[in-house]
Amino acid sequence: FQSTVGENRCLQGHLIQLLIRYCDVDAAARWAQRYSLPKEMLPCEVADELQKLRIQERVEEAAKADNYEESKKKDYYQLPIPRANIHFLQTWEEALQCWERVLRPGQVVGIDMEWRPSFGMVGKPRVALLQIALKDEVFLLDLPRLLKEDEAEREKEKLPRFIQRLYADAAITKLGYGMSGDLSSLAATCSALKDMDKQAQGVVDLLTVDKQVDVLSSEQSYKERGFRQPEKGLSLLVQHVLGKPLDKTEQLSNWEKRPLREEQILYAASDAYCLLEIYEKLCKDPASFGLSSDLTESLVGKPSVKPRAKKQPNKGEVPSPPGQQCRGSDKETSCVPTPISPKEFSVVCDNMLQGLGRYLRCLGVDVRMLENEDDHRKAAEIARQEGRVILTSGLPYQTLQSQVAEGRCFSVNCSEKAKEQALQVLKHFNVQVSLADIFSRCQ
């Protein structure tokens with residue numbers, strides 16, 4: 001009878017009357033809800049039952065939300081310290097308590113930074129939040145606000161001086177992940193910190209350790225844990241060492257907007273604190289992770305930051321294409337990746353390279369292409385979500401390369417024809433095309 005009644009309001013009302021007579025009020029209320037019938041069209045008993053039905057649904061939705069939060073706790077890394085031990089600092093008086101506790105010899109601190117996503121900008125983004133984690137508490141420093149306060153008091157060097165002191169003190173172990181990129185962003189935020197990479201001592205970049213960690217293959221690891229999508233970067237290291245990945249939901253939120261949401265505060269604190277737990281576990285039993293026993297001696301005190309490095313992997317690092325061993329920039333060709341087939345190579349082409357995308361697809365490469373109206377940032381989103389290499393050109397390359405892991409963004413010469421561009425891409429990634437690959441994909 002549903003097809004008979006259709007969208008006819010009169011027949012829908014008549015159906016409700018029949019349901020009351022031959023079925024029950026509950027059935028009538030459910031059909032009234034399905035048809036979105038106004039209250040004035042319904043008998044009183046049906047309207048009352050519909051109200052109960054809506055209340056019940058709201059309760060069920062709230063229960064689902066609670067279950068979802070519980071599920072997140074079960075599936076993702078959780079901070080082991082109470083919420084009261086996370087301090088959001090916006091004034092110099094508040095920041096002093098942080099420095100007093102952090103600047104102690106022998107201290108081990110986890111450091112992370114957050115900034116507003118800057119897909120459309122060239123150059124390094126400005127740091128909006130500096131997170132410093134100790135064993136029992138985490139400090140979240142509102143950098144723009146604190147720097148503004150410094151300017152108002154005409155003491156511009158006050159905050160940078162403390163940050164320099166922290167990084168230059170070899171007696172304090174600083175833990176980070178992709179520290180070179182973080183320090184570059186810190187320099188872009190405050191000119192007084194531009195030489196921090198040269199002054200840094202006692203730093204441990206867990207990205208360096210990450211490359212040495214001996215783990216199961218990613219694919220097997222995810223199947224065992226039941227994750228839909230492979231984790232990346234720091235989240236992947238957290239999963240390998242601590243058993244659960246980070247919840248990266250807030251990664252691309254607006255970190256400059258105030259006040260920060262509770263979810264952002266917990267996310268930022270977790271990103272810094274997990275570094276302490278990873279380091280502690282690796283130092284206790286480095287052999288079980290395939291690391292040498294002198295992990296601490298070999299890393300602490302050695303600058304893990306290379307000033308001349310042209311680009312560093314960001315926090316959302318994606319593994320290189322299968323068989324690709326070279327992690328250098330596109331200009332560094334001394335390290336040749338192992339050969340792979342087009343079936344193993346997946347790319348996303350920026351919207352000015354649609355001709356290249358069509359040509360590569362003809363050769364059997366898995367290609368996604370942006371539409372003309374798409375923003376460049378969509379290429380980075382697709383690359384991170386699907387593990388693709390970005391093919392772009394010109395100014396967008398400078399922006400996009402900072403949004404994905406090193407070696408995951410390639411700049412193509414726009415002045416060349418599609419065929420020459422394709423040959424350039426195939427050569428760089430050592431993709432070997434056979435006759436069977438040609439036209440193997442739907443055009």
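This is a predicted model: local features need pLDDT of at least 70, side-chain atom pairs count only at pLDDT 80 or more; totals for chains, interfaces and linings use all residues.
**Confidence**

The average pLDDT of the protein is 82, and 81% of the residues score at least 70.

| Residues with pLDDT under 50 | Contacts beyond four places in sequence |
|---|---|
| residues 216–229 | 19 contacts |
| residues 301–319 | 56 contacts |

**The sheet**

Six strands form an open sheet with mixed pairing, in the order β1-β4-β3-β2-β5-β6. The edges are β1 (86–89) and β6 (203–205); each has a single partner strand, so one side of each has no neighbour in the sheet. On average, neighbouring strands are turned by 20° against each other, direction ignored.

Strands of a sheet pair through backbone hydrogen bonds, either parallel or antiparallel. Strands β2 (residues 108–115) and β3 (residues 127–133) run antiparallel and are joined by six bridges. Trp115 has Val127 in β3 as its bridge partner.

Helix α13 (residues 262–284) lies across β1, β2, β3, β4, β5 (173–176) and β6, and runs at about 145° to β2.

**A loop residue**

Pro43 sits in the loop between α3 (25–34) and α4 (44–75). Is Pro43 buried or exposed? Pro43 is buried, because its relative accessible area is 18% and the cut-off for buried is under 20%. Leaving aside residues up to four places away in sequence, Pro43 touches Ile16, Gln17 and Ile20. Val25 is 18 residues from Pro43 along the chain, and their C-alpha atoms are separated by 9.8 Å.

Notes: Residues are numbered from 1 along each chain as its sequence is written. Side-chain values use heavy atoms; hydrogens and water are left out. Helices (H or I, at least four residues) and strands (E, at least two) are DSSP runs, numbered from the N terminus. Buried means under 20% relative accessible area, exposed over 50%, partly exposed in between (1.4 Å probe, protein chains only). Contact means heavy atoms within 4.5 Å. pLDDT is the predictor's confidence in each residue, from 0 to 100. Two strands pair if DSSP finds at least two bridges between them. Axes are lines fitted to C-alpha atoms, for helices over the stretch in contact, and angles run from 0 to 180 degrees between N-to-C directions.
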